[in-house]
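Thanks for coming. I will go through one model this morning, beginning with the overall make-up and then moving to the contacts. Please have the structure open.

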Amino acid sequence: MNDEELNQLFRSARAHRPDTSRAEYGFETRLLARLRADREQPAPWYAFTWRLMPAFAAVVVAIGVWTVMEWGAGSNNLQTAIASDYDENTLAAYLTGDSL
Amino acid sequence: MSAHFDELSDERLIQSTLAGDDEAFAELVRRHKRKVFGIAARFARHDAELSDICQEIFVKAYQKLKSFRGEAPFEHWVSRIAVRSCYDFLRATWRDREAVSLDGIEIGMQPDGNVEHARELLEWAMAKLSADERLVLTLLELEERSVRETAELTGWSESNVKVRAFRARQALKKILEANHER
């Protein structure tokens, strides 16, 4: 098929204007009825989840701050560091027969 | 009521709609539905489908009305929504369309210029194109819009429209040739 044959097909199709009068009849009435029905329908529960975003963000930040503070406090405390190794050292001494 | 709206500009009707007057929106629809139906009719297979597509278009227009800035006429703005909605519709129904058979359509080109036959053959072949190929050919070849207008309506660049149109024509020729050889 060459370009001229294709253009001929397009010309023929262009000459045909689809008749939309039947579908257009009473269209505004149906559309307004739909818009009113959409408005009257209660919004689904998940439609409001985005409004909780600030609360979720605050919780995430709070957890982050708390984690950093706890980690910082633990690593700087010598007593905590020694105490955390105590159980392991005791077990190793028991198994090897060394005295503490 | 309707006579009162007749005198108002589109901008005033939009303001009234945004203030909660549904009848003002109905008047806007009444004014511009012919254009929207004309666009959608190139893609719909029957009246019910056409009515559904047009409802989607005007519901979207209603929901986005706040974003209308008045930089272009309302008709252009709603036409853009119409074209993009038709594109979404084509993408959603592409699989159904591809399966359309040639039953009842005479195979092969007829030199006598049978308009109805040519229209059916083209409709069948275009149903086999992808959504963007069909959209670009419909706007350029059937609606006779310029490359610039097509670019504005689709949101694609002008060079992108030209490339897509070239590829779409090649694809359409292949489909018609394959059909001709059968």
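Chain B has nine helices and zero strands. Here a helix is a DSSP run of H or I with at least four residues, a strand is a run of E with at least two, and both are numbered from the N terminus. From the N terminus on, the order in chain B is α-α-α-α-α-α-α-α-α.

Before going further, some housekeeping. This is a predicted model, in which local features need pLDDT of at least 70 and side-chain atom pairs count only at pLDDT 80 or more, while totals for chains, interfaces and linings use all residues. Residues are numbered from 1 along each chain as its sequence is written, and chains are lettered from A and ligands numbered from 1 in the order in which they are written.

Chain A comes to five helices and zero strands, in the pattern α-α-α-α-α. On burial, I call a residue buried if 20 or more other C-beta atoms lie within 10 Å of its own, exposed if 12 or fewer, and partly exposed in between, with C-beta atoms placed from the backbone. Of the 182 residues of chain B, 32% count as buried. For chain A the figure is 7% of 100 residues.

Now the domains of chain B. The chain is divided into domain 1 (1-99) and domain 2 (109-182), with bounds that come from an automatic or database domain assignment. Taken over C-alpha atoms, the centres of domain 1 and domain 2 of chain B are 24 Å apart. Each side of the contact is made of 11 residues, 11 from domain 1 of chain B and 11 from domain 2 of chain B. Contact means that the C-beta atoms of two residues, placed from the backbone, lie within 7 Å. On the side of domain 1 that touches domain 2, there are five nonpolar, one polar and five charged residues. For these classes, Ala, Val, Leu, Ile, Met, Phe, Trp, Tyr, Cys and Pro count as nonpolar, Asp, Glu, Lys and Arg as charged, and the others, Gly among them, as polar.

Within chain B, take the contacts with a separation of 6 or more: 61% of them join residues 24 or more positions apart.

Next, the core. A nonpolar core is a set of buried Ala, Val, Leu, Ile, Met, Phe, Trp, Tyr and Cys residues joined through C-beta atoms within 7 Å. The largest one has 48 residues, and B:V36, B:A40, B:C54, B:I57, B:A82 and B:C86 touch the most other members. Helix α3(B) gives the largest share, nine residues. As for B:C86, leaving out residues up to four places away in sequence, its contacts are B:I39, B:A40, B:F43, B:I53 and B:L135.

One helix pair in chain B. The axes of α2 (residues 10-18) and α3 (residues 22-40) of chain B come within 7 Å and cross at roughly 145°. Axes are lines fitted to C-alpha atoms, for helices over the stretch in contact, and angles run from 0 to 180 degrees between N-to-C directions. In this contact, B:D10, B:L13, B:S16 and B:T17 of α2(B) meet B:A24, B:F25, B:E27 and B:L28 of α3(B). By class, that contact has four nonpolar, two polar and two charged residues.

On to the interface between the chains. Here 32 residues of chain B are in contact with 21 residues of chain A. The elements giving two or more residues to the chain B side are α3, α4 (47-64), α6 (115-126), α7 (131-142) and α9 (158-181). The largest share, eight residues, comes from α4(B). By class, the chain B side divides into 17 nonpolar, five polar and 10 charged residues.

Finally, a few single residues. A:R14 is in helix α1 (residues 3-15) of chain A, and counts as partly exposed because it has 15 C-beta neighbours inside 10 Å. Not counting residues up to four places away in sequence, A:R14 touches B:L142 and B:E144. B:E144 lies in the loop between α7 and α8 (147-154) of chain B. B:E144 has a positive phi of about 55° although it is not a glycine. With 10 C-beta neighbours inside 10 Å, B:E144 counts as exposed.

In helix α5 (residues 78-96) of chain A there is A:D87, which is exposed, with 9 other C-beta atoms within 10 Å. The C-alpha atoms of A:D87 and A:R14 are separated by 88 Å, at 73 residues apart along the chain.
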